[in-house]
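Student: I would like to go through the pockets, the cavity and the backbone of this model. Please put it on the screen.

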Amino acid sequence: MTVRVCITGSPVSYSRSPLLHGYWLKAYGIDGDYGREEVPPAQAADFYRSLAARGYAGCNVTAPNKEIAFSVLDEADESAVILGSANTLWLEDGRLYGASTDGYGFIANLDATVPGWDGEQKLALVLGAGGASRAIVHALVQRGFERVVLANRTLGRAEVIAAAFGAKVVPLAFDKAADVMADADILVNCTSLGMKGAAPLTVDLSHLKPEAVVSDIVYVPLITPLLKTAAERGFRTVDGLGMLLHQGVPGFERWFGMRPEVTAELRDLLISDLRAMGQLEA
Ligand code: ATR
């Protein structure tokens, strides 16, 4: 019987998840279907509670429903509990399980593209303190980072995240980020700066260690001003698209019983799609 899964959220039309999972279903010849369901927040709790009755084996959840989805789970994994949100749901013995796979996607992408990225001192400098930042801070601490410095324009938001993780996560004012640059093994942009239509992120990279990695979670444009500058200075750089691809792996494996691979061909497919939508420069 065809295993049915979908992406849910509102609006859901922008999601690349059907393209991603559709590629894997075809590549592995799996009898599955990955669709789209527009689910406004007011109907979200009912929708997730009735996944099985609707014929779904699970779903992905995008904005603005991730917190609502979390609230109706029977079982949440640690990543979902830490974030208070879930983006991947599946049914097991009639119970609804959920996880947040953003942190996993971030780390798996680094492991795949820049081996040895986590360095010696295990110090990360993370810029920005929104939802994506919280997932990444958690993933870095899980990975064994000794210190994660979280710099944000609104210091209070960085303090709230830091308080959830203990002494390893240190909040810092955004304009003090340069002070820790020299010790960082990795610099991660989790702000919206550098996104198409937003101002560029301008940070001074001159004190960063030559072996440090510069990573951006923004993927429109693929090469943000930060990544361009970093590459010109000879740093290893990682764009945000790989995180998007890797975060889909755990869900696909749960629903369809096979761990899919993130390939260059898949990445090219997503890039072509972003271009066709006019979101990337030709
Ligand atoms: P998400 O949940 O998607 O990660 P968000 O909650 O909108 O995103 O967070 C955007 C991040 O970009 C925040 O850290 C924001 O800083 P504030 O918490 O001070 O708002 C940061 N950001 C946006 N514009 C910025 C700017 N001009 N300078 C510095 N940081 C900025």
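Student: By class, how many nonpolar, polar and charged residues does the lining of the second largest pocket have?

Tutor: This is a predicted model, in which local features need pLDDT of at least 70, side-chain atom pairs count only at pLDDT 80 or more, and totals for chains, interfaces and linings use all residues. Residues are numbered from 1 along each chain as its sequence is written, and side-chain values use heavy atoms, with hydrogens and water left out. On a 1 Å grid over the protein atoms alone, a pocket is an open set of points with protein on both sides within 12 Å along at least five of seven lines, a cavity is a set where a 1.4 Å probe fits but cannot get out, and lining residues have an atom within 4 Å of a point. With Ala, Val, Leu, Ile, Met, Phe, Trp, Tyr, Cys and Pro counted as nonpolar, Asp, Glu, Lys and Arg as charged, and the others, Gly among them, as polar, the lining of the second largest pocket has eight nonpolar, seven polar and four charged residues.

Student: Why does the second largest pocket lie between domain 1 and domain 2?

Tutor: The domain bounds come from an automatic or database domain assignment. Asp77, Ser79, Ser100, Thr101 and Tyr104 lie nearest the centre of this pocket, among 19 lining residues. The pocket lies between the domains because residues of its lining come from both domain 1 (3-101 + 248-276) and domain 2 (104-239).

Student: Which element gives the largest share of the lining of the second largest pocket?

Tutor: Elements are DSSP runs numbered from the N terminus: helices are H or I with at least four residues, and strands are E with at least two. Those that give two or more residues to the lining of the second largest pocket are α4 (78-83), β5 (88-92), α5 (102-113), α6 and α10 (249-256). The largest share, four residues, comes from α6.

Student: How much space lies in the largest pocket?

Tutor: The lining of the largest pocket has 47 residues, with Lys66, Asp102, Ala132, Met195 and Ile217 nearest its centre. By class these are 22 nonpolar, 18 polar and seven charged residues. A volume is the space filled by probe spheres set on the grid points, which are joined across faces, edges and corners. For the largest pocket this space is about 1,600 Å³.

Student: Which element gives the largest share of the lining of the largest pocket?

Tutor: At least three residues of this lining come from each of domain 1 and domain 2. The elements giving two or more residues to the lining of the largest pocket are β3 (58-61), α3 (66-71), α6 (131-142), α7 (155-163) and α9 (241-246). The largest share, five residues, is that of α6.

Student: Which element gives the most to the lining of the largest cavity?

Tutor: The structure holds one cavity of 30 Å³ or more, and about 40 Å³ of space lies in the largest cavity. Its lining includes Phe106, Asn109, Leu110, Ser215 and Asp216. At least two lining residues are supplied by each of α5 and β11 (213-216). With three residues, the most comes from α5.

Student: What is the handedness of the crossing of α5 and α6?

Tutor: Axes are lines fitted to C-alpha atoms, for helices over the stretch in contact, and angles run from 0 to 180 degrees between N-to-C directions. The axes of α5 and α6 come within 8 Å and cross at roughly 60°. That makes α5 oblique to α6, given that under 35 degrees counts as roughly parallel, over 145 as roughly antiparallel, 65 to 115 as roughly perpendicular and the rest as oblique. A crossing is left-handed if the near helix is turned anticlockwise from the far one by less than a right angle, and right-handed if clockwise; the crossing of α5 and α6 is right-handed.

Student: Where is Pro64 found?

Tutor: Most peptide bonds are trans. The bond from Ala63 to Pro64 is cis, with omega near 0°. Pro64 lies in the loop between β3 and α3.
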